[in-house]
Amino acid sequence: MTRRILMRATGQARPGQLAGLGCALARSGARLLDINQSVTFGILSLEALVALDHEAELEQALSEVGDELGLDVQAIQISAEEYHRWSVDASQPRLIMTLLAPKLPAGILAEVGALTAEHGLTVELIHRLSGREPLDGEAPEHGSCVECWLRGEEVDVEALHEKALALGAAHGVDIALQEDSIWRTHRRLVCFDMDSTLIKAEVIDELARRHGVYDEVAEVTERAMRGELDFKQSFRERMSKLKGLDESVLADIAAELPLMDGVETLMKQLKRLGYRTAILSGGFTYFAEYLQARLGFDEIHANELVIENGKVTGEVREPIVDADRKAQLLHEIAERQGIRMEQTIAVGDGANDLKMLAAAGLGIAFRAKPLVRQQARHSISTLGLDAVLYLIGYRQADLEA
């Protein structure tokens with residue numbers, strides 16, 4: 001009759017401990033079913049689930065070798081019912097919950113634990129993706145991030161997302177939920193909105209200020225937000241206010257564009273890791289081309305200003321890049337590059353980005369308004385744009401190596 005035993009070893013870590021425990025298991029003829037090991041501040045925690053198809057004094061052997069290795073070793077009998085329940089639990093879909101903030105308050109763990117328990121989720125693993133906190137107590141350069149692996153059956157992901165969003169807002173923490181799959185760490189295409197995402201500005205507002213028509217443009221924007229105009233209508237009306245603007249103003253604004261926090265780090269890493277990158281913007285090609293030259297985007301799609309005799313005419317060439325066009329472009333680029341939609345990432349801040357975010361395998365609302373954060377599946381508000389790397393699952397230490 002097969003016996004199943006959970007070996008649990010703890011103590012001060014030192015070389016050779018895994019080898020010693022492994023030899024004891026091998027001498028008993030045990031079969032390895034599962035194993036997990038971690039070392040935190042020099043303390044080893046190792047658990048191994050093994051099966052024995054014959055009688056053997058494994059418990060005594062493990063106790064003796066544990067004494068030799070300086071470890072406290074327990075051998076726990078696992079019943080057939082417990083093993084079956086473990087097997088069933090392990091086959092349930094996994095959720096990945098990512099917590100991000102400049103500094104993570106300890107109290108968030110208790111509330112996350114209560115929230116996951118409320119939804120019948122077991123926390124399988126928690127590990128840190130961010131770098132070490134400096135000794136001077138300052139926040140880590142790229143923020144703090146931990147990733148939690150959760151399992152449970154018949155989880156209401158929408159309800160969990162809504163509660164996680166409220167919990168995070170109360171503590172100044174971004175909480176992102178993803179369904180785990182093979183595609184989560186195999187993304188290949190990242191598409192970005194430009195204004196208020198890649199740059200800390202809305203270019204059309206800056207153009208309006210320089211042309212002395214900011215209040216008029218802002219009034220049209222407000223009408224669009226009230227639902228009186230759709231994007232194309234409001235865009236054309238705002239553009240008409242810019243008629244006669246001198247082309248030289250465009251160069252001045254481009255040279256002064258304030259980049260979003262973390263964008264240079266993010267682009268450097270994405271290019272190093274082989275991602276294809278694109279700008280899909282309702283802004284203007286003139287400025288998207290400037291960012292492409294500066295940051296290395298593979299392609300850009302935005303609205304082309306019509307300029308005649310050195311003056312802005314107040315018109316743009318068709319097609320206008322609106323919400324539908326952004327989603328369509330995302331699909332087209334992925335298909336052209338032979339990339340599955342599950343492997344795509346989209347990042348934006350406005351309602352005009354929601355269709356693109358919904359179409360992508362990983363859609364991220366970045367420093368977005370509450371309505372957009374609520375409708376998007378994932379959001380980042382507390383850290384810079386390079387926090388996107390955490391949602392893909394990268395460790396800061398690996399990126400710096």
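This report covers the nonpolar cores, the annotated active-site residues and the backbone exceptions of a predicted model.

## Nonpolar cores

The largest nonpolar core is made of 59 residues, and F192, L207, F284, F287 and L291 have the most contacts inside it. Helix α15 (residues 388-392) supplies the largest share of this core, 5 residues. Residues come from both domain 2 (92-179) and domain 3 (189-204 + 258-400), so the core lies between these two domains.

F192 is one of the residues with the most contacts inside this core. Beyond its neighbours within four places in sequence, F192 is in contact with L198, L266, M267, L270, A278, I279, L280, F297, V347 and L385. In soluble globular proteins, nonpolar side chains tend to be buried together.

## Annotated active-site residues

An unreviewed UniProt entry lists D193 and D195 under "active site". Both D193 and D195 are included in the lining of the largest pocket.

D193 is in the loop between β9 and α6. With a relative accessible area of 6%, D193 counts as buried because the value is under 20%. Its side chain makes a polar contact of 3.1 Å with the side chain of T197. Not counting residues up to four places away in sequence, D193 touches L198, L280, S281, K326, V347, G348, D349, D353 and M356.

D195 also lies in the loop between β9 and α6, and is buried at a relative accessible area of 8%. Leaving aside neighbours within four places in sequence, the residues in contact with D195 are A201, E202, V203, I204, S281, G283 and D349.

## Backbone exceptions

Most residues other than glycine have a negative phi, and most peptide bonds are trans. The residues below depart from one or the other of these patterns.

S196 is found in the loop between β9 (189-192) and α6 (203-211). Its phi is positive, near 65°, and S196 is partly exposed, with a relative accessible area of 21%. F41, in the loop between β2 (31-40) and β3 (43-52), also has a positive phi, near 50°. F41 is exposed, with a relative accessible area of 84%.

The peptide bond joining E318 and P319 is cis, with omega about -5°. P319 is placed in the loop between β13 (311-316) and α12 (323-337).

Notes:
Residues numbered from 1 in each chain as written. Predicted model: local features only at pLDDT ≥ 70, side-chain atom pairs only at ≥ 80, totals over all residues. Heavy atoms only, no water. Helix = DSSP H or I, 4+ residues; strand = E, 2+ residues; numbered from the N terminus. Buried < 20%, exposed > 50% of the residue type's maximum accessible area, 1.4 Å probe, protein only. Core = buried A, V, L, I, M, F, W, Y, C linked by side-chain atoms within 4.5 Å. Domains from an automatic or database assignment. Contact = heavy atoms within 4.5 Å. UniProt positions renumbered as here; feature names shortened; annotations may be inferred. 1 Å grid on protein atoms, 1.4 Å probe; cavity = no way out; pocket = protein on both sides within 12 Å on 5 of 7 lines; lining within 4 Å. Polar contact = N/O pair within 3.5 Å; in protein donor to acceptor, adjacent residues only side chain to side chain.
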